[in-house]
Amino acid sequence: MGTRHETHDGREAHEQQTAHDGHGHGGHAHSHAPSADADRRYLSAALALLVLYMLAEVVVAFATGSLALLSDAAHMLTDAAAIALALWAIHLAAKPANARLTFGFKRAEILSGLGNGITLLLLGAVLLAEAVRRLVDPPQVEPKPVLAVALAGVVVNVAAGMLLARANRTSLNVEGAYRHIITDLYGFIGTAVAAAVIWATGWMRADAVATLIVVALMFHAGAGLVAQAGRVLLEGAPDGTDVEAIRAHMLEVDHVRDVHDLHVWSVTSDLPALSAHLVIDDECFHDGHAPRLLDEVLECLVGHFDVDHSTLQFEPASHAAHESSLH
């Protein structure tokens, strides 16, 4: 990160570049997260499970006329697409930064999470329309094969969910795929219950009711993913971040008189970033204390807030007259 030191009249005196790669002591420790290679193995295994089962489910859905089973198959297709997208995002994120993309493709996983969320919302809308139609005019459904396939689907999704739960779910990319799987698991449970109700009572509308429950879950998961991705893309403060608490901690460091133009955002799910202008005592620019002060502020940010990437500008009090209106 760069910390610019300025003289009293605002002219730049010198620049000190400090590389800081420390790991935070609070919240979460990045070094304990599963590696990208491990994530790829877990995601690939889950993808294979889902694709094989989805093909079998589509055949049974058309043979029995079950919309709930077909909606589960369609959702499983989005699950497979979500995992494939997640794998591609991991591949992109591993690419090195360059002069045009100075953070590399780190935000590929955010775009992947956004795509997963939008897919859930769109598919939910399509299934909602069909479920309402079938509530009005319910078709005949063969419950026994539907029940068997749904119960098998529960097993497959539990296995896939366990694989993804072992991956790095602090990544919105992986979390998006995981939410697809969990929503599908609930859908299979609902389909199994609907099939049992039809088998026991002959009430065909149970199939559409189960679909409506799945749709509600899809909307909930999809809206959450879109909101999380939107926060990152709009460079909002990460969830749980108290910007005023960060400001207060920096002001507690000796010789720091004011903190302004403070921004906190996320480059990607597990890479929070911060920039700020700090007004410090004038003598710090003359007695060589500024570099030590920089270390103290960075230690505060990493130790208390797990912010590894910070850009700080030190200013004398007289510099306020040179600040633009944007600050």
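Student: Through how many residues does a hairpin join β3 to β4?
Tutor: This is a predicted model. In it, strand β3 covers residues 256-268, and strand β4 covers residues 271-280. The two strands run antiparallel. The hairpin that joins β3 to β4 has 2 residues.

Student: How many bridges join β3 to β4?
Tutor: One place to look is Val 264, which stands opposite Leu 274 in β4. Counting along the antiparallel strands β3 and β4, the bridges number 9.

Student: In which sense do β4 and β5 pair, parallel or antiparallel?
Tutor: Strand β5 spans residues 309-315. Ala 273 stands opposite His 309 in β5. Over 7 bridges, the sense of the β4 and β5 pairing is parallel.

Student: Which helix makes a β-α-β unit with β4 and β5?
Tutor: The unit is right-handed. Its helix covers residues 290-305. That helix is α8.

Student: How many of the 10 residues of β4 are buried?
Tutor: Strand β4 pairs with β5 and is joined by bridges to β3. β4 is mostly covered. Its buried residues number 9.

Student: What is the nearest side chain of opposite charge to Glu 109, and how far away is it?
Tutor: Glu 109 lies in helix α3, residues 108-136. Glu 109 is buried. Beyond its sequence neighbours within four places, its contacts include Ser 171, Asn 173 and Thr 268. A salt bridge needs a nitrogen to oxygen distance within 4 Å, and Glu 109 has none: the nearest side chain of opposite charge is Lys 106, at 8.1 Å.

Student: Why does Tyr 53 count as buried?
Tutor: The cut-off for buried is under 20% relative accessible area. Phe 188 is buried, at 0%. Tyr 53 counts as buried because its relative accessibility is 11%.

Student: How far apart in space are Leu 163 and Ala 45, C-alpha to C-alpha?
Tutor: Leu 163 is found in helix α4, residues 143-165. Leu 163 touches Tyr 42, Ala 45, Ala 46 and Leu 49, leaving out residues up to four places away in sequence. In sequence, Leu 163 and Ala 45 are 118 residues apart. In space, their C-alpha distance is 7.6 Å.

How values were computed
Residues numbered from 1 in each chain as written. Predicted model: local features only at pLDDT ≥ 70, side-chain atom pairs only at ≥ 80, totals over all residues. Heavy atoms only, no water. Buried < 20%, exposed > 50% of the residue type's maximum accessible area, 1.4 Å probe, protein only. Helix = DSSP H or I, 4+ residues; strand = E, 2+ residues; numbered from the N terminus. Pairing = 2+ DSSP bridges. Right-handed = clockwise from strand over helix to strand, strands pointing away. Lys, Arg positive; Asp, Glu negative; His and termini not counted. Contact = heavy atoms within 4.5 Å.
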